[in-house]
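The following note sets out, point by point, what may be read from the model. Please keep the sequence and the structure in view while reading.

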Amino acid sequence: MDLKNLYREVILDHNKHPRNFGTLAPPAQIAQGHNPLCGDQLIVSIHRVGDTVTDVRFEGSGCAISTASASLMTEAIKGKRVAEIEELMHRVHALLTTVGGQSDGLGKLAALSGVAEYPARVKCATLAWHTLAQALKGANTTVVTE
Ligand code: ZN
């Protein structure tokens with residue numbers, strides 16, 4: 001199995017069996033995201049204790065890329081400190097917007113590396129991360145990608 005097939009398998013698996021699906025009970029920090037280009041809708045909720053995101057869930061409806069990106073994101077950030085998550089956000093954003101971008105050290109998130117070749121799908125993949133950024137701010141808001 002070559003790398004592209006492996007990445008496709010990861011995306012399909014996370015789309016079919018999303019990890020950490022659902023919404024956390026109060027006092028969760030919750031944000032909604034909407035990508036009108038594709039129709040993707042997400043709700044990301046986190047529990048934050050001090051500087052650490054102790055739990056995270058997402059739910060919503062969208063295409064395979066948006067669902068897989070959100071699912072992979074929840075696995076990647078759970079238990080991490082906010083500063084680490086912000087660093088990860090920058091690296092993932094670079095990966096999603098740079099063809100042939102650097103995926104070393106990103107673990108399973110490397111499966112999203114092919115997205116950069118499809119500009120129309122980039123917003124599908126970044127939606128979860130924009131929504132997470134809003135949830136981290138603690139304001140219950142909706143973010144719409146333009
Ligand atoms: Zn989409």
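This is a predicted model: local features need pLDDT of at least 70, side-chain atom pairs count only at pLDDT 80 or more; totals for chains, interfaces and linings use all residues.

1. Serine 69 touches Leu112, Ala125, Ala128 and Trp129, where residues up to four places away in sequence are not counted and contact means heavy atoms within 4.5 Å. Serine 69 lies in helix H2; helices (H or I, at least four residues) and strands (E, at least two) are DSSP runs, numbered from the N terminus. Is serine 69 buried or exposed? With a relative accessibility of 0%, serine 69 counts as buried. Buried means under 20% relative accessible area, exposed over 50%, and partly exposed in between (1.4 Å probe, protein chains only).

2. Residues are numbered from 1 along each chain as its sequence is written, and side-chain values use heavy atoms, with hydrogens and water left out.

3. The largest nonpolar core has 40 residues, and those with the most contacts inside it are Ile77, Leu109, Trp129 and Leu132. Such a core is a set of buried Ala, Val, Leu, Ile, Met, Phe, Trp, Tyr and Cys residues joined through side-chain atoms within 4.5 Å. At least two residues of this core come from each of H1, strand S2 (40-49), strand S3 (52-61), helix H2 (64-77), helix H3 (82-97) and helix H4 (119-137). H4 gives the most, with nine residues. Leucine 109 touches, among others, Leu72, Met73, Val92 and Trp129, not counting residues up to four places away in sequence.

4. How do H1 and H2 pack? Their angle is about 85° and their axes are 8 Å apart; axes are lines fitted to C-alpha atoms, for helices over the stretch in contact, and angles run from 0 to 180 degrees between N-to-C directions. H1 and H2 are therefore roughly perpendicular to each other, a description that covers angles of 65 to 115 degrees. Residues making the contact include Val10 and His14 of H1, and Ala68 and Leu72 of H2.

5. The zinc ion is coordinated by Cys38 (SG), Asp40 (OD), Asp40 (OD), Cys63 (SG) and Cys124 (SG), at 2.2 to 2.6 Å. Donors are N, O and S atoms within 2.8 Å of the metal (3.2 Å for Na, K and Ca); water is not among the atoms, so sites may look incomplete. In sequence, the donor residues are spaced C-x1-D-x22-C-x60-C. Cysteine 38, in the loop between S1 and S2, and cysteine 63, in the loop between S3 and H2, are 25 residues apart and link distant parts of the chain. Cysteine 38 is partly exposed, at a relative accessible area of 35%, whereas cysteine 63 counts as buried at 15%.

6. Two backbone features deserve attention. Most residues other than glycine have a negative phi, and most peptide bonds are trans. Asparagine 20, in the loop between H1 and S1, has a positive phi of about 55° although it is not a glycine. Proline 26 and proline 27 are joined by a cis peptide bond, with omega about 5°. Proline 27 is placed in the loop between helix H1 (3-16) and strand S1 (29-35).

7. Glycine 60 is found in strand S3 and is partly exposed, with a relative accessible area of 40%. Leaving aside neighbours within four places in sequence, glycine 60 is in contact with Phe21, Gln41 and Leu42.

Note on methods:
Angles under 35 degrees count as roughly parallel, over 145 as roughly antiparallel, 65 to 115 as roughly perpendicular and the rest as oblique.
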